[in-house]
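Please look over the sequence and the fold shown below.

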Amino acid sequence: MIATSLLEASNAQLKFYPKNTVIFNEKEQPLLYYQIKTGSVKMFNLTEDGKEFVQGFFKDNNSFAEPPLFGDFKYPASAQTTTDSYIYTLTKSDFLELLTAHPEEHLKLTQILCRRMIYKAKIMKEVSVYPPEHRILTLLNHFKTTDNKQNTLYEVKLTRQQISELTGMRVETVIRAIKKLERSNKLTIIERKVYL
């Protein structure tokens with residue numbers, strides 16, 4: 001992500017957000033660039049029946065919610081901390097000025113946004129077409145590839161609840177599907193942790 005020294009030189013503020021703090025709500029106007037120093041954030045939508053559909057989890061050194069700053073549209077999802085978090089915030093004008101002055105940072109950010117778009121395209125296809133086991137494997141393989149762990153046993157850092165939120169399935173369905181995947185040797189469970 002953007003180097004801390006560049007953020008601080010561009011007037012970024014480091015703010016503390018306690019666990020479960022809503023940072024912004026869906027349909028609000030974007031005013032700030034956000035980059036997590038430490039902590040974690042989820043971006044989500046609420047369905048009509050109040051169920052959360054998580055668009056993504058973001059952790060240390062990740063930024064989130066950039067597209068509305070570029071596209072000048074309202075937030076398509078809400079953001080909330082999932083742990084106590086320290087997050088850099090930078091005004092939209094300072095953010096755009098920083099990217100103009102540092103095109104290499106703009107390119108890095110564009111590459112990250114493209115990887116997120118690929119993830120979204122994969123997940124949309126999975127959610128609409130395939131059975132639960134296939135959806136879960138695709139999600140877990142995506143994170144394994146993203147974390148560059150293709151040739152090693154990969155510990156999945158997501159809880160069953162988080163997998164449920166990311167795939168739009170019920171937790172019970174996720175638990176059954178994971179057990180089925182273990183029985184077919186497509187993943188391993190060691191001390192309640194999932195490995196791929």
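What follows describes a predicted model, section by section.

## The open sheet

Four strands make up an open sheet, in the order E1-E8-E3-E6, with antiparallel pairing. The edge positions are held by strand E1 (13-17) and by E6, each with a single partner strand, so one side of each has no neighbour in the sheet.

The pairing of E1 with strand E8 (residues 85-91) is antiparallel and runs over five bridges. Within this pairing, Lys15 stands opposite Ile87 in E8. E8 also pairs with E3, in the antiparallel sense and over six bridges; here Thr38 is found opposite Tyr86 in E8. E3 and E6 are joined by two bridges, again in the antiparallel sense, and the bridge partner of Gln35 in E6 is Ser63.

In a regular strand, side chains alternate between the two faces of the sheet.

## The E4-E5 hairpin

Strand E4 (residues 40-46) and strand E5 (residues 52-59) run antiparallel and are joined by seven bridges. Asn45 has Phe53 as its bridge partner in E5. Five residues lie between the two strands of this hairpin, and Gly50 takes a positive phi near 85° there.

A contact between a charge and a ring is found at Lys42 and Phe44. The charged end of Lys42 sits over the ring of Phe44, at 5.4 Å from the ring centre.

## Aromatic pairs

How many aromatic pairs does the structure hold? There are eight aromatic pairs in the structure. One of them is formed by Phe24 and Tyr34, whose ring centres are 5.6 Å apart and whose planes stand at 40°, so the pair is tilted. Phe24 belongs to strand E2 (residues 22-24) and Tyr34 to strand E3 (residues 32-38), so this pair ties together parts that are 10 residues apart in sequence. Phe24 and Tyr34 are both buried.

Tyr34 also pairs with Phe64: the ring centres are 5.2 Å apart and the planes are at 15°, so this pair is stacked. Because Tyr34 lies in strand E3 and Phe64 in strand E6 (residues 63-64), the pair ties together parts 30 residues apart in sequence. Phe64 is buried, as is Tyr34. Ring pairs link Phe24, Tyr34, Phe58, Phe64 and Tyr75 into a cluster.

## Helix H3

Helix H3 (residues 92-101) has Asp94, Phe95, Leu98 and Leu99 as buried residues. Viewed down the axis of H3, these buried residues fall within an arc of 135°, so they line one face of the helix. On the face turned away from the buried side, H3 carries the exposed residues Glu97, Thr100 and Ala101.

Is Ala101 buried or exposed? Ala101, which lies in helix H3, has a relative accessible area of 54% and is exposed, because the cut-off for exposed is over 50%. From Ala101 to Glu28 the separation is 73 residues in sequence and 28 Å in space, C-alpha to C-alpha.

## Helix H7

Helix H7 (residues 171-183) consists of 13 residues. From its first C-alpha to its last, H7 reaches 19 Å, close to the 18 Å expected at 1.5 Å a residue.

Which residues of H7 are buried? They are Thr173, Val174, Ala177, Ile178 and Leu181. Seen down the axis of H7, the buried residues fall within an arc of 130°, so they line one face of the helix. These buried residues pack against helix H5 (132-146), helix H6 (160-167), strand E9 (188-190) and strand E10 (193-195). The face of H7 turned away from its buried side carries Arg176 and Arg183, which are exposed. Just after H7, Asn185 takes a positive phi of about 60°.

Definitions and conventions
Residues are numbered from 1 along each chain as its sequence is written. This is a predicted model: local features need pLDDT of at least 70, side-chain atom pairs count only at pLDDT 80 or more; totals for chains, interfaces and linings use all residues. Side-chain values use heavy atoms; hydrogens and water are left out. The expected span of a helix is 1.5 Å times one less than its number of residues. Buried means under 20% relative accessible area, exposed over 50%, partly exposed in between (1.4 Å probe, protein chains only). The arc is that of the directions from the helix axis to the C-beta atoms. Contact means heavy atoms within 4.5 Å. Rings of Phe, Tyr and Trp (its six-membered ring) pair if their centres lie within 6.5 Å; planes under 30 degrees apart count as stacked, over 60 as edge-to-face and the rest as tilted. A charge sits over a ring if NZ of Lys or CZ of Arg is within 6 Å of the ring centre and within 35 degrees of the ring normal. Two strands pair if DSSP finds at least two bridges between them.
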